[in-house]
Amino acid sequence: MLLGNKVFSWSLGILISTSTMVGIVSADTTTNGTATLTVVAPSTNALTLMSTPNIDFGTATIGSINGTLPGTSDKPYTILDLRGGSTGYRVQVEASNFTSKTDSSKLLPVTAVMMNVANSTNGELTGTGSAVNIFGQQAVVLTGGADSNGTQVSGDITSGLTLDTSKVGSLKVGEYQATVTHSIVSGIQ
């Protein structure tokens, strides 16, 4: 008898489920509603330089320095723009004096630090097109246009360090270092 009750209960459950499904499938009227989403920009870090390059000008020997020393960059620029609008931006860079790491009163006789940033592969970022001098002055090296939202990565970066050749003979041996300040500025079209 217990086995019979289980079979009866099981059968009743199927009948109830079947009749419920039929009721949903055979609705006589339908109505349409809406689904909405409002997208807003974050209140902080909406326009951010995610990564900036470091430049290495290598090693130079006193007496053989002439012309411009080429530099290598360790990474491209990566920019995150979550503002969601059509206001572009630009990246400005400035290099300070090169001072000795052991004696900040010793300066490298720099006349120019040139930087050239290539366009991004997707065409959203425009590089300098030619080398610009970033030594002791801010220079625009990269521009993001009206549609450069999201994450954007610049093209390759080339650079050069030019020293005053009349003063390189009196250089002190050692490692010299400059601070390179990268700024992102909003509001260009």
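In which loop is the place of Ser-86? I found Ser-86 in the loop between β4 (78–81) and β5, where strands (E, at least two residues) and helices (H or I, at least four) are DSSP runs numbered from the N terminus.

**Entry 1: what I am looking at**

I noted that this is a predicted model, in which local features need pLDDT of at least 70 and side-chain atom pairs count only at pLDDT 80 or more, while totals for chains, interfaces and linings use all residues. Residues are numbered from 1 along each chain as its sequence is written, and side-chain values use heavy atoms, with hydrogens and water left out.

**Entry 2: the chain**

Of the 189 residues in the chain, 29% are buried, and here buried means under 20% relative accessible area, exposed means over 50%, and partly exposed lies in between (1.4 Å probe, protein chains only). Among the contacts (heavy atoms within 4.5 Å) with a separation of 6 or more, 74% are between residues 24 or more positions apart.

**Entry 3: the core**

I then turned to the largest nonpolar core, which has 29 residues; such a core is a set of buried Ala, Val, Leu, Ile, Met, Phe, Trp, Tyr and Cys residues joined through side-chain atoms within 4.5 Å. The strands β5 (88–95), β7 (110–117), β10 (139–144) and β12 each give two or more residues to this core. Tyr-77, Phe-98, Val-113, Val-141 and Leu-161 have the most contacts inside the core.

**Entry 4: the largest pocket**

I read off a volume of about 770 Å³ for the largest pocket, a volume being the space filled by probe spheres set on grid points joined across faces, edges and corners. A pocket is an open set of points on a 1 Å grid over the protein atoms alone, where a 1.4 Å probe fits and protein lies on both sides within 12 Å along at least five of seven lines, and lining residues have an atom within 4 Å of a point. The lining has 30 residues, and those nearest the pocket's centre are Phe-57, Gly-58, Phe-98, Tyr-176 and Gln-177. Two or more lining residues come from each of β2 (55–56), β12 (157–163), β13 (176–177) and β14 (180–188).

I went back to Ser-86, which counts as partly exposed because its relative accessibility is 43%. Ser-86 and Ala-146 are 60 residues apart in sequence, but their C-alpha atoms are 4.2 Å apart in space.

Arg-83 also lies in the loop between β4 and β5, and its relative accessibility of 23% makes Arg-83 partly exposed. Leaving aside neighbours within four places in sequence, I listed the contacts of Arg-83, among them Ala-41, Tyr-89 and Ser-186.

I placed Ser-73 in strand β3 (residues 68–73), partly exposed with a relative accessible area of 25%. Not counting residues up to four places away in sequence, Ser-73 touches Pro-53, Asn-54, Ile-55 and Ile-157.
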